[in-house]
Amino acid sequence: MNDLTRTPDPAASPAGLTYPAQLPPADPARPARTPAGLVGGTPVLWIGEPFTAPGRGFWAKLEGHNPGGIKDRSALYMVRAARERGRLLPGARIVESTSGTLGLGLALAGATYGHPVTVVTDPGMEPLLSGLLTAYGADIDLVAAPHPEGGWQRSRRDRVEELLAVRPAAWCPDQYDNPDNVAAYAPLAHELVAQLDRIDTLVVSVGTGGHSAGIASVLRGRFPRLQVVGVDTTGSTIFGQPAAPRLMRGLGSSIHPRNVAYDLFDEVHWVAAPEAVWAARTLARHHYATGGWSVGAVALVARWLARTLPAESRIVAVFPDGPQRYVGTVFDDTYGREHGLLGHLPADDPDEIGHPGERVVTRWTRCTRVTDPLADGGRHSLDGAAR
């Protein structure tokens, strides 16, 4: 992104760069004076039978209890940090590429701090979400076609650059590479410690890499033996698979975000869309708490870990949002039939590969060798994955 408008990498920042103090988590017993006061302090819920095996289960952190979802945290933090550093001027426009959830968070941040917001997205955004963004005052800029190599993400980011070029005062959070997107999630980690005291395994979806790195880094410091399990989607390049068209949104990527902290992960699981849909729908029927693609994928992996790890292991899965925006996709039978999503009971166990480039995965697959596909020169990547 434009050097004048994006937050720099900390390694390139002046010595003594400080980060803004974290906002306190929301307290439901105290009235909120601004929309920002509604963010944080989300509950955890035990997910057990019948979703899991008898006597087994995991804790779910329900980030859908934030006004817009988990990315409310990062949107507020990135905007506040940019304002404090003078990179986002009062009243200046915020422009960002997003498939949805961050857009809601930026609309909330815009309302809180007084900034107009332009969300650059693509035709895959759900009508309900685009309607909400419009209602919250955000402008929607729709790209028409995917980039031939970088897909919709690259096309959206190119459009952001175009908008920044004609609006020199505008600012882009650059969620994929902005270290503030990582720092924003420290409070969530501290909430988990306060709520559960001990955590043995963390299960997190990976898209921009923000919440996985932010939560895992804090928890690993508190619990050195913490097992961190990343959840990606088939067709995503993040962990060394080749890019392919992806139905699932909110996790996965066709680019390589710098915020992904590969060294924190003990293993990665790729999940296919029908498997995530099965999990999300089963959660809805039996536990009421559910969500969309990311929640289904994370829950499927956490369910398997609950069965295969020792019974005393305390597993936490982060559910990034709730089900509302997915009523026309994940929870819609017509959509499900059109895209071949229904009637696919996931296997009891994932496939396993020895390294990320062993073969292209098309169903739930696990790999305990996690490497940065760019840092290792693509040695373990399939053709095209390390572009």
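Predicted model: local features only at pLDDT ≥ 70, side-chain atom pairs only at ≥ 80, totals over all residues.
**Helix 6 and helix 7**

I then took the geometry of the pair. The axes of helix 6 (residues 186-196) and helix 7 (residues 210-222) come within 7 Å and cross at roughly 45°. That makes helix 6 oblique to helix 7. Axes are lines fitted to C-alpha atoms, for helices over the stretch in contact, with angles from 0 to 180 degrees between N-to-C directions. Angles under 35 degrees count as roughly parallel, over 145 as roughly antiparallel, 65 to 115 as roughly perpendicular and the rest as oblique. I noted the crossing of helix 6 and helix 7 as right-handed, that is, the near helix is turned clockwise from the far one by less than a right angle.

**Conventions**

I recorded that residues are numbered from 1 along each chain as its sequence is written, and that side-chain values use heavy atoms, without hydrogens and water. Local features need pLDDT of at least 70 and side-chain atom pairs count only at pLDDT 80 or more, while totals for chains, interfaces and linings use all residues.

**Helix 8 and helix 9**

I found helix 8 (residues 273-287) and helix 9 (residues 293-308) packed at an angle of about 85°, with axes 7 Å apart. The two are therefore roughly perpendicular to each other. Their contact residues divide into 12 nonpolar, one polar and two charged.

**Helix 2 and helix 3**

The axes of helix 2 (residues 101-113) and helix 3 (residues 127-135) come within 10 Å and cross at roughly 10°. Thr 101, Gly 103 and Leu 104 of helix 2 make the contact with Leu 129, Leu 132 and Leu 133 of helix 3.

**Whole chain**

I counted 10 helices and 11 strands; helices (H or I, at least four residues) and strands (E, at least two) are DSSP runs, numbered from the N terminus. Of the 387 residues, 58% are buried, meaning under 20% relative accessible area with a 1.4 Å probe, protein chains only. The C-alpha trace spans about 55 × 50 × 45 Å along its principal axes.

Terms used. Buried < 20%, exposed > 50% of the residue type's maximum accessible area, 1.4 Å probe, protein only. Contact = heavy atoms within 4.5 Å. Nonpolar A, V, L, I, M, F, W, Y, C, P; charged D, E, K, R; others polar.
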